[in-house]
Amino acid sequence: MNVRPAIAYHKKCRETQFYDGNTAIMAKMHFNYFVFVVFTILALSYVSCQEADVWSRVNPSVLRVGNGAEPADLDPHLVSGVTEHVILSTLFEGLVNLNARTLQPMPGVAESWELSPDGREYTFHLRHSARWSNGDPVTAEDFAYAWRRILTPSLGSEYAHMLHCIQNARLYNEGKLEDFSQVGVRVLDPHTLRVVLEHPTPYFLSMQIHFTYFPVHRGTIERFGRMDERGTQWTRAGNFVGNGAFQLDRWEPDRILVVKRNPYYWNASMVSLNEIQFYPIDNLNTEELLFRVGRLDLTSTVPLNKVEPYQRNYPEKIHISPYLGTYFYRFNTKRRPFDDVRVRRAFSLAINRDDLVRNVVRAGRAPAFSLTPKGIENYIPPESAPFNPEEARRLLAQAGYPEGVGFPPVEILFNTSEDHRQVAEAIQAMWRENLGIRVGLRNQDWKVYLNSLSTLDYDIARSAWIGDVIDPVNFLECFTSGNGNNRTGFSSPIFDGLIEEARSASSVSERFERLREAEKLLLEEAPIAPLYFYTRVFLMAPNVQGVYPNLLGYIDFKNVFWNVN
């Protein structure tokens, strides 16, 4: 998934803001002024707030969460970021859940399932007690309808490829097959769903926590428009119907989004929290200050310059753990001068990643010379060449820009965040020193930034990808031709073919070898420049329980609670 700040991310669709632009601007200005006034009061009132228990009078039924940015949408078929996924995971539930400690599959809407001996056919048995937030039963047909919707070509879902492991799903999604009954999704009865895969997919059950596999309520979708219509009002509070442990209560864009416990959820009695308040705070220092004075209980990340002070002074409040994610820069291969692979490689070779990690991003992160992080089973990713400014200058001169002379004006695009700016400024300085090129900086709000990526309206863009599942193909398939998460213009039939060969490989070793070949080609063509591998860094009130470290950064909010003893 795409990510906005360090915790979240690789995230994009039509806005669900139902008011005109001037109203939106005024609302945001009003909120920012409100935050400024609150900060002034709180700063004066809590000079020594970290030394006191600022959560001593907390409401144990409410959790206040910094969500990093305003969600682009709440339609699970039209989003792509962690920002949205965090919220959607409270509002929907898939067939299978994951244990947040171990990431092992466990029952969700499906109370049990069987897998055929050849590893290609799952039969799911749905709970009779599963209900939508309006009281309607959740049925196998709801999943079939949802999967048909996300695969419908006219919807244009950028994440539909997540379902391409299902038999004939890709053909249907590409418009080469019109009859959905030929896709490997079979409704055997209201509570039995059979799924036939193109090939064995070991991580298929794990994918069920991803929003692309969530069911949607057909009656609600079609009440507000066609099945394949984007940006309708079904995601508004008052209209929204989900099947998760929580239901949408209030959504004031750019201010707050509130979910409350869903009384119809099949396991509602085991949900501790009555309410979760999500705050779209894209200023990391603002988020940190709100946490410090006890106005947030959980943050999306931590400003880079605050990590070491928290580790030193308040270790019980900061959490750092391994995270399956890579921070990288995209190059627009359709726009001069980055349509030349020599220029792309020169820019990548001119980045001192060791220096970037040591002096800028820190927090236990490691320099990245591949797209896929290390530590995925037995997959050993190939690596791009390390820092080599001499070779970078040679390639740049070969491309017609000796010492940067004649190089056109270009910019680094990043979504609004002080951390992203610090990284961009560090890279900007490296390119000026090592290539003789002055690169501009351009920041945009999350939604605008996502649109710029999707329409290739950029030169160089900050990006990141957090694994949806623990498998290298989840990183690499993003750069296949026409993939909605590609956003570089890069296209290679050889790369595409290697990914397909990996999918149908007869052994794990053969599969990983094809993926290594694909990643090697990707690094050579350099539509991206990997920068560093993530760690998951966030702040959490000491008495919040049920949030565990795991590679996917997965939080099962229905099991989160306050320890008030």
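Glu287 lies in helix α6 (residues 284–292). Helices here are DSSP runs of H or I with at least four residues, strands are runs of E with at least two, and both are numbered from the N terminus. Beyond its neighbours within four places in sequence, Glu287 is in contact with Gly66, Asn67, Gly68, Ile281, Leu296, Thr299, Ser300 and Thr301. Contact means heavy atoms within 4.5 Å. Glu287 counts as buried, at 1% relative accessibility. Buried means under 20% relative accessible area, exposed over 50%, and partly exposed in between, with a 1.4 Å probe and protein chains only.

The model is predicted: local features need pLDDT of at least 70, side-chain atom pairs count only at pLDDT 80 or more, and totals for chains, interfaces and linings use all residues. Residues are numbered from 1 along each chain as its sequence is written, and side-chain values use heavy atoms, with hydrogens and water left out.

The protein as a whole has 15 helices and 18 strands. Its C-alpha trace spans about 70 × 65 × 45 Å along the principal axes. Of the 565 residues, 60% count as buried. The accessible surface comes to about 21600 Å². Carbon and sulfur atoms account for 49% of that surface. Areas come from the Shrake-Rupley method with a 1.4 Å probe; for residues, only the protein chains shown count as cover.

Helix α10 (residues 389–398) has buried residues Pro389, Ala392, Leu395 and Leu396. They lie on the same side of α10, because they cover an arc of only 120° around the axis. The arc is that of the directions from the helix axis to the C-beta atoms. Among the elements that cover these buried residues are α8 (341–349) and α11 (418–435). Just after α10, Gly400 takes a positive phi of about 105°.

Some backbone angles call for a separate look. Most residues other than glycine have a negative phi, and most peptide bonds are trans. Leu103 has a positive phi, near 65°, and is not a glycine. Leu103 lies in the loop between β2 (96–98) and β3 (105–107). With a relative accessible area of 11%, Leu103 is buried. Ala526, again a residue other than glycine, has a positive phi near 55°. Its place is the loop between α15 (508–525) and β16 (528–539). Ala526 is buried, with a relative accessible area of 3%. A cis peptide bond joins Arg336 and Pro337, with omega about 10°. Pro337 sits in the loop between β11 (318–331) and α8.
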